[in-house]
Amino acid sequence: MTRLDYRSRSFVGIAVGAALLALGAAAGWEAVRAQGHGHSHSQHHAHGAMTQGGWYKRLGPDARVAALERQLRGFETAMAEVAYRYGEMYFGAVDGNWDYAAHMGETLATALAAGLERRPQHRKSADALFLKGPYPQVMEAIKAKDLALFKQRIETLRAACTACHTAEAHPFIKIGVPTVRRNPVVND
Ligand code: HEC
């Protein structure tokens with residue numbers, strides 16, 4: 001818990017990471033790169049006016065806080081990262097790469113904590129349905145390097161994901177056992 005609290009303090013970095021992940025997940029990466037290209041082109045013509053600071057610097061002090069909040073976004077970007085880490089945690093365990101599974105499990109909680117910092121209205125359900133039961137039980141199975149136990153508890157975890165979605169007005173987001181690897185991580 002202390003670890004999460006400590007980490008959530010650097011929420012800007014985490015949330016920027018989450019936003020990037022979400023962008024990548026939405027396959028918007030190419031579009032963003034293309035846009036970036038266009039910008040540097042116009043920067044060139046603006047004779048360095050833009051290179052002295054980006055969009056953020058050009059905002060007045062009063063507009064900056066709102067802009068940061070807008071860019072960090074809400075719970076959906078946190079969830080895109082949670083879902084990614086959930087899948088990688090699963091395949092880490094299946095591969096017997098327990099350290100990778102533990103890393104993904106821990107950073108899943110970090111992503112969730114960052115999301116809850118932005119949208120505290122979801123905290124009650126997160127605690128009751130996920131953080132005080134299914135989640136630590138999966139982490140326990142990872143620590144024990146017990147695949148049979150892990151597979152049993154991942155069933156409870158995915159049901160908890162779905163239960164929270166139902167409780168938080170998104171019953172159509174039903175979570176299954178992961179089927180697709182996202183990272184080219186191998187054991188050797
Ligand atoms: C606090 C309860 C809660 C828990 C626990 C939770 N979710 Fe979510 N999840 C939400 C809410 C609320 C949304 C809708 C977010 C929004 O649009 O603001 C969501 C959205 C999602 C989405 C769609 C994201 C997108 O791109 O818009 C996915 C995927 C998802 N959750 C996966 C998971 C997985 C996997 C778990 C479990 C490991 C999980 N969630 C646990 C509340 C939860």
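**Exercise 1.** In this predicted model, why are H9 and H10 roughly antiparallel to each other?

*Solution.* Start with the angle. Helix H9 (residues 134-143) and H10 pack at about 160 degrees. Now apply the cut-off: angles over 145 degrees count as roughly antiparallel. H9 and H10 are therefore roughly antiparallel. Their axes lie 9 Å apart. The crossing of the two helices is left-handed.

**Exercise 2.** Find which residues make the contact between H9 and H10, and sort them by type.

*Solution.* Take H9 to begin with. Pro134, Tyr135, Gln137, Val138, Ala141 and Ile142 make the contact from that helix. Then turn to H10. Its side consists of Leu149, Phe150, Arg153, Ile154, Thr156, Leu157 and Ala160.

**Exercise 3.** Describe the shell around the ligand.

*Solution.* Count the shell: 20 residues surround the ligand. Pick out the closest: Glu76, Met79, Phe130, Cys161 and Cys164. Next, locate the helices. H6 (75-94), H8 (123-131) and H10 (147-167) each supply at least two shell residues. The largest share, seven residues, comes from H6. Last, sort by type: 13 nonpolar, five polar and two charged.

**Exercise 4.** Summarise the fold of the protein chain.

*Solution.* List the elements: 10 helices and zero strands. Check burial next: of the 188 residues, 23% count as buried.

Conventions
Residues numbered from 1 in each chain as written. Predicted model: local features only at pLDDT ≥ 70, side-chain atom pairs only at ≥ 80, totals over all residues. Near = placed C-beta within 6 Å. Helix = DSSP H or I, 4+ residues; strand = E, 2+ residues; numbered from the N terminus. Nonpolar A, V, L, I, M, F, W, Y, C, P; charged D, E, K, R; others polar. Buried ≥ 20, exposed ≤ 12 C-beta atoms within 10 Å, placed from the backbone. Axes fitted to C-alpha atoms, helices over the stretch in contact; angles between N-to-C directions. Parallel < 35°, antiparallel > 145°, perpendicular 65-115°, else oblique. Left-handed = near helix turned anticlockwise from the far one by under 90°. Contact = placed C-beta atoms within 7 Å.
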